[in-house]
Amino acid sequence: MLRFLWDSISFQMLLIFFIVFLLVADYMKRRKPKHFPPSPFSLPFVGHIHLMNFTDPHITVQKYTEKYGNIFSMQMGSTSFVFINGLRMIKEVLVNQGENFMDRPDIPVDREVFSKMGLVSSNGHLWKQQRRFTLTTLRNFGLGKRSLEERIQEECQCLVDVIGEEQGNPFNPHLKISNAVSNIICSITFGNRFEYHDEDFQKMLQLMDDTVKLHATVMSQSRFASVQTFPAIIKFFPGSHQTIFKNWRLLKRFVKERIDKHKEDWKPSESRDFIDSYLQEIAKDNGDGSFHEENLVACVLDLLFAGTETTSTTIRWAVLYMVLYPEIQARVQAEIDTVIGQARQPALEDRNNMPYTNAVIHEVQRKSNIIPFNVPRMTTKDTILDGFHIPKGTVLLTNLTSVMFDKNEWETPNTFNPEHFLKDGQFWKREYFMPFSIGKRACLGEVLARSELFLFFTSLLQKFTFQAPPDTTLSLQAKLGITMAPEPYRIYAVPR
Ligand code: HEM
Ligand SMILES: *[C@@H]1O[C@H](CO)[C@@H](O)[C@H](O)[C@H]1NC(C)=O
């Protein structure tokens, strides 16, 4: 009897049944509530993957912004993203209704690495505690005070020296700049900087760099999508993401070794750096449970990553723009010579007297737009946004490009033009400038980053003129990774 039944159901029937079942399951899973933001036609299982151009995501979705306006959705694997455009809506999300959009989504690559700890990817109470503690500690170690400024100035001198060693030969400044920038965060967290030739440190920087690059490959191969869709399975397959996991484990070990060293000679009464302060917080044990060693590792790595890659990428853009716009470079140098001269190092105080240089740095940040879709957010509860229903757990991408390149706000949005930030010769602060994002979860390191950008940039231009080697054309094309970075380039640093 069974045998007969089995024979009568053909294999094709089973297959068709199975496919229909999957399609229905997929449809049910992805069904959206009423009044969800509109989205273009999507394929079963993969969603809008076919519409995504991973090497240039700006271009692909252009037509949807035109069609749907300031809020629309796209499906990637089993995750749907809501894109938010324009100042009004972005302020609504990040500021006015900020509390409802405060969480970070679970990104599987991240989850594997951090399981929602640290600063960047944690949520709720744990995040609040870590963020408050870190801001206080950064302030105690001199954010906005003199001591940190001195540390940055010292590092500026080291960077100038090591670039001087190139003796005017063409070189790629990438690693030197990352070294210098990373040293600031290292001195805050570990209590020491590293020599530019230190092997351990070079290894760590290289690892960080590789990880950033790998993220880019993972995304461009749209493997990201399969990790998003089948996170549980993909973990066991080889591929770039495996290397990412391995790199993270190595980076974690690097940090753990430093924490162990701190524990050996730790005195509860004095705090030399971020790790010491955190160990104090763990020892207090207020029964809260948010402060423990694993979380410390995650926080330190977050500071290192968020603090190094972003700032050094921006400085690389700044140098590149100076090479490509020599007349702007000359005007910055003229301002440096008038306000600071050659005899002393630039100081943060000088910034108020240097509107042109300040405008150039702002324009570099606007135009290079290194985090075009901000860092993703997720709704903490069901929310209504501009008449649309956004259920709890929806991932939102706020399109900073739509603000920093808004045709109705900027005089020449697509041109590198420091005049955007100048009015009657004075620096002009503009609401549409938001590379650090806005609201309560905006960049935690903004003050630090702006200090570094000003001091490194002016110190470099005080001592060098940057030029392209003959017969090379440097490109302003960005490559997508965790941040939009310039293509590797080689330049001359001609001593002044
Ligand atoms: C030019 C340099 C930098 C840029 C453009 C930048 C930009 C950003 C952006 C867009 C976010 C996401 C904010 C949001 O979700 O609304 C962010 C978050 C963050 N940044 Fe920065 N950043 C820079 C430098 C730094 C530095 C130097 C540090 C180190 C202290 C840092 C630490 C962080 C941390 C810890 C977060 C996560 C904050 C949270 O989730 O609460 N950043 N940054
Ligand atoms: C982001 O904004 C830019 C500039 O307005 C636009 O060209 C692009 O299509 C937008 N992308 C998305 C995904 O909304």
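Where is the place of aspartate 276? Select aspartate 276 and find out: its place is in helix H13. The model on screen is predicted.

**Stop 1: aspartate 276**

Stay on this residue. Aspartate 276 has 0% relative accessibility, so it counts as buried, the cut-off being under 20%. Now show its contacts. Leaving out residues up to four places away in sequence, aspartate 276 touches His262, Trp266, Glu270 and Ser271.

**Stop 2: the whole protein**

Zoom out and colour by secondary structure. The protein has 18 helices and 12 strands. It has 496 residues, and 52% of them count as buried.

**Stop 3: ligand 1 and its iron**

Select ligand 1 and centre on the iron atom. Which protein atom is the donor to the iron atom of ligand 1? The single donor from the protein is SG of Cys443, 2.3 Å away. Trace the chain around cysteine 443. This residue is found in the loop between strand E8 (426-427) and helix H18.

**Stop 4: the shell around ligand 1**

Show the residues that surround ligand 1. There are 28 of them, and the closest are Trp127, Arg131, Arg377, Ser437 and Cys443. Colour the shell by class. It has 16 nonpolar, eight polar and four charged residues.

- Arginine 104 places a polar side-chain atom 2.8 Å from an oxygen atom of the ligand.
- Arginine 377 has a polar side-chain atom 2.6 Å from an oxygen atom of the ligand.
- Serine 437 has a side-chain N or O atom 2.6 Å from an oxygen atom of the ligand.

Now highlight the elements that give two or more residues to this shell: helix H6 (124-140), helix H14 (293-324) and helix H18 (446-463). Which element gives the most to the shell? H14 does, with six residues.

**Stop 5: serine 437**

Keep serine 437 selected. Its place is in the loop between E8 and H18. Check the backbone: phi is positive, about 70 degrees, although serine 437 is not a glycine. Is serine 437 buried or exposed? Its relative accessible area is 9%, so serine 437 is buried.

**Stop 6: helix H6**

Select 124-140, which is H6. Show the side chains of the buried residues of H6: Trp127, Gln129, Gln130, Arg131, Phe133, Thr134, Thr137 and Leu138. Then ask what lies over them. The cover includes helix H8 (174-189), helix H13 (274-284) and H14. H13 is also where aspartate 276 has its place.

**Stop 7: helix H16**

Move to residues 355-368. This is helix H16, with 14 residues, and it reaches 20 Å from first C-alpha to last, close to the 20 Å expected at 1.5 Å a residue. Of its 14 residues, 14 are buried, so H16 is largely enclosed by the rest of the structure. Step past its end to asparagine 369, which follows H16 and has a positive phi, near 50 degrees.

**Stop 8: aspartate 471**

Finish at aspartate 471, in the loop between strand E9 (464-467) and strand E10 (478-480). Phi is positive here too, near 50 degrees, in a residue other than glycine. With 83% relative accessibility, aspartate 471 counts as exposed, because the cut-off for that is over 50%.

Methods: Residues numbered from 1 in each chain as written. Chains lettered and ligands numbered in written order. Predicted model: local features only at pLDDT ≥ 70, side-chain atom pairs only at ≥ 80, totals over all residues. Heavy atoms only, no water. Near = heavy atom within 4 Å. Polar contact = N/O pair within 3.5 Å; in protein donor to acceptor, adjacent residues only side chain to side chain. Helix = DSSP H or I, 4+ residues; strand = E, 2+ residues; numbered from the N terminus. Nonpolar A, V, L, I, M, F, W, Y, C, P; charged D, E, K, R; others polar. Buried < 20%, exposed > 50% of the residue type's maximum accessible area, 1.4 Å probe, protein only. Contact = heavy atoms within 4.5 Å. Donors = N, O, S within 2.8 Å, 3.2 Å for Na, K, Ca; no water. Expected span 1.5 Å × (residues − 1).
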